[in-house]
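The following note sets out points for a colleague who is about to examine the structure. Please read each point beside the sequence and the coordinates.

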Amino acid sequence: MKSTRALTCAALATVGALVLAGCGSSSGGSSPNANCASGSIKAAGSSAQGNAITDWINAYQTQCDQATIDYQAVGSGAGVEQFVAKQTSFAGTDSGVKEGDLTKANDRCAGGPAINIPMVGGAIAITYNLPGVDGLILTADVLAKIFASTITKWNDPAISALNAGKTFPDATIAQFHRSDSSGTTDNFTKYLSATAPTAWTFAPGKDWTAPGGQGAKGSDQVIASVDGTAHSIGYVELSYLFGTTNAKAALIDNGAGPVEASSATASTTIAAAAITGSGNDLLLKIDYTTKASGAYPIVLVTYEVVCEKGLSADQNPALVKSFLTFAASDTGQNMLNASGYVPITGSLLTKVRTAVSSLATS
Amino acid sequence: MSTSTDETAQSAADPAGIAGAAIRAGDRTFLGLSRGAGILVLAVMAAIAAFLIWQAIPSLQANSANFLTEQAWLPDQTPSVFGIAVLAVGTLVTAVIAMLIAVPIGFGIALFIAYYARPKFGKALGFIVDLLAAVPSIIFGLWGLYNFMPAVTSFAQWLSEYLGWIPIFANDKQLWTKSLLMAGLVLAIMVLPTISAISREVFLQVPRTHIEASLALGATRWEMIKMAVFPFSRPGMISAAMLGLGRALGETIAVALILSAVFEVNLHITEPGGNSFAANIALKWGEAGEVGRSALIASGLVLFLITLAVNMIARWIIARRKEFSGAS
């Protein structure tokens, strides 16, 4: 009897100590950063920028342990819907909320306008698997014909004309595209429509409408299919080419010479994009037909849709502003290179920072 | 005498004898709980149907093409153009392929376990087949995509080469991956454990007297099965097949990973292409706009109605055969 009572006391004491220890506030390793905010926010949206946002969240939460940010990569459409339904503090979207749809988002912001802020850029690489062919060069016209299935064989003269000195096999081109709706498809088809309107007669959009080829679910499936199928071609975000065995990125000749897909060449194109939004709304119109030398033309930009003013206090506008300031900072944008994304640069970055600093904190 | 007439009248109106018997609190509670459970299920079904209809209306009104015959799926465009032709054909074709393969094999496994195998071995085999049902759908999809695909591709190539004169096996694109045939085969494997488990239970329910009687009359094992087992278990076999069909119609992730999702009705089952209702919803939901989401729910409503119709037909077939079996 005595031993069980002693045991019970000891158990209760241990449990109590553990509970009380858990209740105590953690002091944290670093001293509180002046730019940190506390609390928690929920966000949802584009999966294209999912990895970038996750990296930022991890870095921010390490620095500011009083903050919790939860981003769900449910897709742009679902993300914007949740934002308009007041379930999230901001949304991530591949194509930006256009003027007409912005009014619904404005209602959500109690009058203060909803704005698009571009934060993450990306390059869409044309990935191919041709054993023995390195540095494949393609132009917009030939690319459009390949993806519209009008050019069906690798040894087509149109391809050989651009690639002197390389031998192409007499094989059918196994073309892969996205079977699910995606911002990558949206930007790629916009590029093809803008640069090769005669060869690409299909309306640009998030869904693939051209005939032929095979659909794969998600960029990861597209790259896996290209990597695993000889004589194949597909389009994926540049970051997916890390760690592939057979898949390589093609060079795109926009009229000023072949350009490799990389962070630097893509950011040239993004930085030169025209702003179609007014005020702090930075909706961009990318010039896919750019003939600038060293500019990779197939790019995409993802936006954060936030309330400039009017975000209710329970959605924690201070933390939204603090997090986005971190994302737009030099530290934040430099982190993008490591994960295969493209940072925003130049005067566009200045405008982004102005927009973020104008966000109301209450 | 009047008491006995009263009693007979009472028992005629109330054969289970519930009304007159002493009702304890326990009986009342159980009655309430079971009635409540039944009503809850009906309420959930009604809620789902109401939700589907309510959410589908905006897109159906906005659609500028015929919902039933249009092949393209572009609901978020202006003007909205979308239709379920490709989805319906894809869903039905993959389900039919799955059924054609899974039903005979499932019944075969069940018969083997019930009547041919030794009891212990039969139990072990049954256990393993049931384990197949525990494998998550996405694992089937990934396995199908990476491991099963080469084998099916060779088989499909053989089919299109030697049986290409039959229109459905013709292959003009010289590509054999990500086809309806592939999806149908993976669905067959997924649906097999359901069919085999249920029909096995049904076969084991056949009264031993029927079996002994036919064996005593000198029937061989197969004749015994034909004479005694099948007539008795027909309703059960049909419900097993219908449950399998229900799963094949609604399977989402495995089909979404495998199919090439092309919006063109293509009856060449060895060519890449095709899409199904559930896979389409999985692929398009995240990026869909308002009309897009409503259109996807409309397609979900059609799938709901198809499954309902299939189940009602099954119930009707079983009801017709009721008097021939012990299931009444």
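1. From the N terminus on, the elements of chain B follow the order α-α-β-β-α-α-α-α-α-α-α-α-α. Chain B thus comprises 11 helices and 2 strands, where helices (H or I, at least four residues) and strands (E, at least two) are DSSP runs numbered from the N terminus.

2. This is a predicted model, in which local features need pLDDT of at least 70 and side-chain atom pairs count only at pLDDT 80 or more, while totals for chains, interfaces and linings use all residues. Residues are numbered from 1 along each chain as its sequence is written, and chains are lettered from A and ligands numbered from 1 in the order in which they are written.

3. The radius of gyration of chain B, taken over C-alpha atoms, is 25 Å, whereas a compact globule of 328 residues would have one near 20 Å (the globule rule being 2.2 Å times the number of residues to the power 0.38). Along the principal axes, the C-alpha atoms of chain B fill a box of roughly 85 × 55 × 30 Å.

4. In chain B, 40% of the 328 residues count as buried (20 or more other C-beta atoms within 10 Å of the residue's own, with C-beta atoms placed from the backbone). Of the contacts in chain B between residues at least 6 apart in sequence, 73% join residues at least 24 apart; a contact requires C-beta atoms, placed from the backbone, within 7 Å.

5. Where chains A and B meet, chain B contributes 22 residues and chain A 19 residues. On the side of chain B that touches chain A, the elements giving two or more residues are strand 1 (73-74), helix 9 (253-258) and helix 10 (277-284) of chain B. That side has 11 nonpolar, 7 polar and 4 charged residues (Ala, Val, Leu, Ile, Met, Phe, Trp, Tyr, Cys and Pro count as nonpolar; Asp, Glu, Lys and Arg as charged; the others, Gly among them, as polar).

6. Chain A is divided into domain 1 (9-122 + 274-284 + 299-357) and domain 2 (124-268), with bounds from an automatic or database domain assignment. The centres of these domains of chain A, taken over C-alpha atoms, are 32 Å apart. In chain A, 17 residues of domain 1 are in contact with 12 residues of domain 2. Strand 4 (114-129) and strand 14 (299-307) of chain A each supply at least two residues of the domain 1 side, which divides into 6 nonpolar, 10 polar and 1 charged.

How values were computed:
Two residues are in contact if their C-beta atoms, placed from the backbone, lie within 7 Å. A residue is buried if 20 or more other C-beta atoms lie within 10 Å of its own, exposed if 12 or fewer, and partly exposed in between; C-beta atoms are placed from the backbone.
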